[in-house]
Amino acid sequence: MVSVEIERRDEVSIIWMDNPPVNALGAALRAAILHAVEAAVQDEAVIGMVLASRHAIFSAGADIKEFNQTPVSPSLRELIDAMDASPKPIVAAINGVCFGGGLELALACDARIVTSTARLALPEVKLGLLPGAGGTQRLPRLMNPADALKLMATGAPATGDQAVTSGLADALAAAERLLAEATAKASLLAKRTVRQRLRDTAADQGTRDAFEKAAATLLKAHPGEPQIEALIEAVRGSYEVPFDEGMRQERRSFERLLVDDRSKSLRHAFFAERESGQLPGDIGSPDVIDVKTVGVIGGGTMGSGIAMAFAANGFPVTLIETDEPSAQRAYDRIASSLSNSVRRGSLSETARSENLARIKTAVDYAELSAADLVIEAAFEEMDVKRQIFGRLADVVKPSAILATNTSYLDVDAIAEAGGDAGRVIGMHFFSPANIMKLVEVVRGRKTSASTIATVVKVAQKLGKLPVVVGNCHGFVGNRILARRSEQLDRLLLEGATPEDVDRAFTAFGSKLGPCTMGDLAGLDISWRMRRATGRTAPVADALVEAGRLGQKTGRGYYRYAEDGRTPISDLEVTTLIEAVSKKQGVKRRTIDQEEIIDRLILPMINEGARIIEEGVAARPGDIDVIWIHGYGFPRWRGGPMFYAQTRGYPNVVARLKELATLTGDESLRPEPLLEHLATDGKSVAPQ
Ligand code: 3H9
């Protein structure tokens, strides 16, 4: 229930914002604050106001959900205008997160008192927007405009202490003193004859050169990002035009960006990430086991990464290897990885020692008898995994959950190997497992609701993004990837080069193209997967058979420079691909960027639709989260399923039919779900 409570302390009116969980500034809260401000202005016994929060968060800013709805008055700008027009001073008492419109409210106050745990940010750029309630005009009038620009362009929060140092906040107060200090400040400011509002000041022209330098650096780092360009223009306005004109310019830019697909996609990603952590509807609210200790089988790259992820979040981990030397190697790998983090400055020496102390290596499965959760991260072969699960069933306690980190094998077949299948589940971490946030939580046919809920909870404790998916070959992520890889191979066979494909992909917005990505991951991984399932990919197979496994052998789709990482075009690859095309009887042709992108992305959408039809993913947004976080799909495109929506289902369907006819590949025919969406005009994900 949204409310604002008004409390009187001496002659100051405290306006308590109370809109759980994050004091989003929705219509009801805005109206209530406006009402409270007007009442305080009218009340002769009140000399000033304090804006404070009833919650741990001051305010998360504008209610993002309202961006898709018809605007309701008073708008945030109208509320802020009313605060500006008040003859009585207003002080913001900032106790926690103060983001976006929340900070813009605070900027319209006469002073900001903060606790050291406060976090102040204008993160609108992360939603493809710029601050739209005066932030771009008030902030450069309050602090150095170059610093103001950087703060808004990164969206990164300043701590309470940093805010005081930069001039963003006026003073620091201990949490228990915050209200008293803010009230005292309001009483003090009430003694002034006129309020000193930021709108009445101007940006310091002496800082202009530094601002232009910062702007040029930003434009270089964010080429073609409209929100950054608009932000720079708006802040520049604080030097060049009066406050009200600057506000009009900011508003025009905000409204233009709001309806742009980029912002819609980023907003979709924000909500999809939060929704994906909610359990699918059929699971209900089962009991969750309290996982205290964890076992990991296998100390290779994945196993070590998983062990580090748990240890970093306080879980004692027992890591099992096949023999003592392998156990020692796994321990050394972890120790060296943690040392690298210390060298890079991302981990303290103390945290390194604490994390290492939580990891114990062993060779005897009996060491897992106390574990609440065991994650198998052994070689990706069914027989190996079944053998491990058989052994585990004999040693773990009856309540322990057994998870497999397989990236595509049948979780039910693994579960049959021993024990209670209700406690068996897939936990598909992505590499490096201690860094990547995504975890596909794979529910087998018999996996119990309690097992699923427990694993989701544990993954969230690790700061991961768990997404519950069904059990099928490759689950959601790798199943879709397989469709893309098929098309990649065909494109190369028909005339595209690895450079053409990667260039098209980076132009689409991905950091890495699929060929560079394949080289990085190792081409033998998908080769082995194809062999296991009786599939072929003529070009990729030929590369692997020629010993070109990617970066690890210095040669793959590209050859690699001395540093082992910089790709260089390789004539040998062109010759090899042309020979494969000839052998397959495929006539090569020039393929343009548009066809490359459509051939690679639209089949992914088609497979996504199949996955939704089969119930393997609970929501289209789950597929988007998996692809954004596991495979580098550009966040500002919203993920493959949302991209289909922004492109328009009728267009996607028509293009898939066109591509099926062009290539003779019947798997490109649009799925019934897409055909249906194209005709009924509905969306799979709300915009
Ligand atoms: C803006 O202000 C524009 C203005 O410049 C101009 C306007 C004219 N709105 O993340 P959590 C929900 S743009 C609506 O899990 P945490 C969230 O969906 C805004 N809902 O918690 C979730 O719902 P559910 C600029 C919001 O503690 C619940 O609150 N501000 C909003 O890990 C809990 O969220 C931002 O971009 C919102 N603004 O993190 C801040 N924020 O429970 C975006 C949250 O149903 N928000 N919800 O899934 C955040 O960064 C984090 O949510 C925050 C809390 C750090 C605040």
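Modeller: Let's start with helix H11, which gives the most to the shell around the ligand, with 3 residues. (Helices, H or I with at least four residues, and strands, E with at least two, are DSSP runs numbered from the N terminus.) Bear in mind that this is a predicted model, where local features need pLDDT of at least 70 and side-chain atom pairs count only at pLDDT 80 or more, while totals for chains, interfaces and linings use all residues. Residues are numbered from 1 along each chain as its sequence is written, and side-chain values use heavy atoms, with hydrogens and water left out.

There are 25 residues around the ligand, and Ala60, Gly101, Glu104, Glu124 and Arg274 come nearest; to be near, a residue needs a heavy atom within 4 Å. The shell divides into 16 nonpolar, 5 polar and 4 charged residues. (Ala, Val, Leu, Ile, Met, Phe, Trp, Tyr, Cys and Pro count as nonpolar, Asp, Glu, Lys and Arg as charged, and the others, Gly among them, as polar.)

Now the polar atoms that face the ligand. From Ala60, a backbone N or O atom sits 2.8 Å from a ligand nitrogen. Gly132 also uses its backbone, with a polar atom 3.0 Å from an oxygen of the ligand. Arg274 uses its side chain instead, placing a polar atom 2.7 Å from a ligand oxygen. (A polar contact is a pair of N or O atoms within 3.5 Å; within protein, one must be able to donate a hydrogen and the other to accept it, and residues adjacent in sequence count only if both atoms are side-chain atoms.) On its own the ligand has 1000 Å² of accessible area, and the protein covers 72% of that. (Areas come from the Shrake-Rupley method with a 1.4 Å probe; for residues, only the protein chains shown count as cover.) The elements that give two or more residues to this shell are helix H3 (101–107) and helix H11 (261–276).

What does E4 pair with? Strand E3 (residues 48–53) joins it in the parallel sense over 3 bridges, with Leu51 opposite Ala92. (Two strands pair if DSSP finds at least two bridges between them.) E3, helix H2 (residues 76–85) and E4 make a right-handed β-α-β unit; right-handed means that, with the strands pointing away from the viewer, the path from the first strand over the helix to the second runs clockwise. E4 also pairs with strand E6 (residues 111–114), again parallel, over 4 bridges. There, Ala92 stands opposite Arg112, and Val91 has Ala111 as its bridge partner.

From E6, 2 bridges lead on to strand E9 (residues 171–172), and the two run parallel. Val114 finds its bridge partner in Leu172 of E9.

There's an open sheet to look at as well: 3 strands in the order E5-E7-E8, with mixed pairing. Its edge strands are E5 (97–99) and E8 (158–159), each of which pairs on one side only. Strand E7 (residues 119–121) and E8 run antiparallel and are joined by 2 bridges, and Leu120 has Ala158 as its bridge partner in E8.

Ser326 is buried, at 12% relative accessible area, and its side chain makes a polar contact of 2.5 Å with that of Asp323. Leu368, in the loop between strand E12 (359–362) and strand E13 (373–376), is buried at 0% relative accessibility. Arg479, in helix H18 (residues 477–494), counts as buried too, at 10%.

Conventions: Buried < 20%, exposed > 50% of the residue type's maximum accessible area, 1.4 Å probe, protein only.
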